[in-house]
There are 2 protein chains.
Amino acid sequence: MRRLPILSDVARQAEVSLTTASRALDPDSDHPVSERTRARVVAAATRLSYRPNPMARALRTRRVPTIAIVVHDVSDPYFAEIVRGATAAASVRGFLTVVCSSDRVPATELRYVEMLCESRVSGVIFAGGGLEEPHYHHTMSGYARSIAHYGGAIVALAPRSERWPAELPDNRAGARMVTEHLVSLGHFRIAMISGPATLRTSREREFGYAQAMKTAGLEPSIVRADFTVGGAAQAVTRLLANGSPTAVFAATDTMALGVLSELRRLGIDVPTEVSVAGFDDIPGLEFMHPALTTVRVPMAELGAAGVARLLRQLDGDDTATRTQIHPVELVVRESTGRAAAVRPAG
Amino acid sequence: MRRLPILSDVARQAEVSLTTASRALDPDSDHPVSERTRARVVAAATRLSYRPNPMARALRTRRVPTIAIVVHDVSDPYFAEIVRGATAAASVRGFLTVVCSSDRVPATELRYVEMLCESRVSGVIFAGGGLEEPHYHHTMSGYARSIAHYGGAIVALAPRSERWPAELPDNRAGARMVTEHLVSLGHFRIAMISGPATLRTSREREFGYAQAMKTAGLEPSIVRADFTVGGAAQAVTRLLANGSPTAVFAATDTMALGVLSELRRLGIDVPTEVSVAGFDDIPGLEFMHPALTTVRVPMAELGAAGVARLLRQLDGDDTATRTQIHPVELVVRESTGRAAAVRPAG
DNA sequence: TTGAAAGCGCTAACAC
DNA sequence: GTGTTAGCGCTTTCAA
């Protein structure tokens, strides 16, 4: 046969109508089909190695077995892990996953989301946070409405101002935990390198840090960078200008790597002179030197949970709480140690 | 309006036929449409914020504006970079990209490719190499035939036994270059940690290494690992058992990181005692300590080239050579230095 | 339990 | 330059 077999070929071979063939082949059709007929149809389909045409089916059912995941940067291990978890979970359920990496350019992200709208994907997972900026917010809300309008679902894996169903890591608790860990080691000038203030993830982690600092009777001190290794390395200079910290908490492991690199360049030893901690527990940290103390975020599980949530929404049985928080865990390695200096009295 | 606007809504508003509306809105239609008419149609479409339904269009044109990229592991920086380059290039041309990460399990990869076949994506890019194993090869060839059958294109970004159009990094030249670099530093016991023998990328890099060794009158010595950090770290033991190398060339940066980690654990200094070099130049290496000497593979460009190639094939104007080789470049950093020992005479 | 027929929304012959 | 018409391959009323 020159062309690929279509349903009518199967029907003809099985000597049944198109309708019956369709019903016999659809595993979750509730319409009754006699066993004899079904067997004949299945046999014919197998013989012809028939595969339903997904475009035709999608046109009819108004649903494509494809979801999308929007990330800030696929090359960032944090997002790469989430993507890994999400694509694997989706494929198990028969869904393909489109990956959109904005490379941290809001306009690019918006363009991607527009493409996703037009392609009518079943759902969109936003792995990164959104900008807190009128134009962005407005445009994004428009797209979200349009996705909802055609029956698509949306899930967020990072805190956002849009009120979408979300699966989030416990950023505050995690930041509190590392900070308390540092305090317990005798540190008293603990600085934080955070990400852009426009990202809620930054703010949540700052909040947890500030809270723990206050509880310990210490003064918070925050410097901002941009979630990249290089940006964090540069921020170290500003950080040292703000007094000499005994410990540095970076809002992400990627940034912590930049801090480590810069401190080494400056000849400052970690952890004997300064302790450094990160957040996320991206893969490979145990092979670094010094191995980074951090907070483990279940990235792959988060991606998988996002997919599960999306599919539940699509099936209309997502009656659970709107925001699901995933617990995080302190992972102590070599980059944090007892403070060299002693906290002055008072 | 309750439902999304469709082409006939636009046609009615613009007071033209469905056909004319379709033609007026199609930017690359060669059918003539008067400017006045086109303006009216475009105005109507804008007013209704009309978006063509991709499923209907796909059903008709038998083509989805979606491609796929199959990788061994999205979390591996090498593949992550390729994916970044590919998705960006695809989106510029209006294509969405499905990412399939097999997590180095051949069966998973095969399942993905089957899904891709059924979904009739326009093309598939294989970023990783294939297994040299009868069942895998046979099944994959079947899928490839079926993709070709419905008019889809295929491109490989790693050497494979299947004869597909390919965009490849110059693995041999790169391996030769690092090896020569090591030789020029006075090293004479240069060991290589390679990947699985079933992957052609391993073999090509081994070939370049062996060639340069022979030219220098040195004996090649290869130990195998599995392209992961942990695997390479374990391989170091076997490597040291094979005599004490003055330099180690790892077939990928990821593995080089494992070597570095293990040597540090063993208290062997790099580069004063042993030099280490990698391959790929994954991002962030300049922030490591010691910064890794490696061979730069233009990963993102490779991804973009793959997309360009795929699209050219789809347009039927890929008359170029079947395999396009991309040049690589030696990047000398801190992990390689002059050999401590001197080559014995003879 | 089966089948006929009507689309899903679009594009592409083919006429005018 | 424009319109009529016939599908693309499938699902799903509705009727038997």
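Visitor: Which element gives the most to the surface near DNA strand C?
Guide: A residue is near a strand if its C-beta atom, placed from the backbone, lies within 6 Å of it. Two or more residues come from each of α2 (18-25) and α4 (54-61) of chain A, and from each of α2 (18-25) and α4 (54-61) of chain B. With five residues, the most comes from α4(B).

Visitor: Which pLDDT do local features need in this model?
Guide: Residues are numbered from 1 along each chain as its sequence is written, while chains are lettered from A and ligands numbered from 1 in the order in which they are written. The model is predicted: totals for chains, interfaces and linings use all residues, side-chain atom pairs count only at pLDDT 80 or more, and local features need pLDDT of at least 70.

Visitor: How many charged residues does the surface near DNA strand C have?
Guide: Ala, Val, Leu, Ile, Met, Phe, Trp, Tyr, Cys and Pro count as nonpolar, Asp, Glu, Lys and Arg as charged, and the others, Gly among them, as polar. By class, this surface has eleven nonpolar and ten polar residues. The charged ones number four.

Visitor: Which element gives the most to the surface near DNA strand D?
Guide: Around DNA strand D there are 26 residues, and those that come nearest are I6(A), L7(A), A56(A), T19(B) and P32(B). Their surface divides into eleven nonpolar, ten polar and five charged residues. The top contribution is five residues, from α4(A).

Visitor: Which element supplies the largest share of the side of chain A that touches chain B?
Guide: Contact means C-beta atoms, placed from the backbone, within 7 Å. By that rule, 40 residues of chain A are in contact with 40 residues of chain B. Seven residues, the largest share on chain A's side, come from α5(A).

Visitor: How far apart are the end C-alpha atoms of helix α12 of chain A?
Guide: Helices (H or I, at least four residues) and strands (E, at least two) are DSSP runs, numbered from the N terminus. The expected span is 1.5 Å times one less than the number of residues. The 16 residues of α12(A) (299-314) should therefore span 22 Å, which agrees with the distance in the model, 23 Å.

Visitor: Which residue just after α12(A) takes a positive phi?
Guide: Several residues of α12(A) are buried (20 or more other C-beta atoms within 10 Å of their own, C-beta atoms being placed from the backbone), including M299(A) and L302(A). Their cover includes β1 (66-71) and α5 (77-92) of chain A. Just after the helix, a positive phi of about 75° is taken by G316(A).

Visitor: Which residue in β7(A) is the bridge partner of S194(A)?
Guide: Strand β6(A) (190-194) is largely enclosed by the rest of the structure, because five of its five residues are buried. Strands pair if DSSP finds at least two bridges between them. β6(A) pairs in the parallel sense with β7(A) (222-224) over three bridges. There, the partner of S194(A) is R224(A).

Key:
A residue is buried if 20 or more other C-beta atoms lie within 10 Å of its own, exposed if 12 or fewer, and partly exposed in between; C-beta atoms are placed from the backbone. Two residues are in contact if their C-beta atoms, placed from the backbone, lie within 7 Å.
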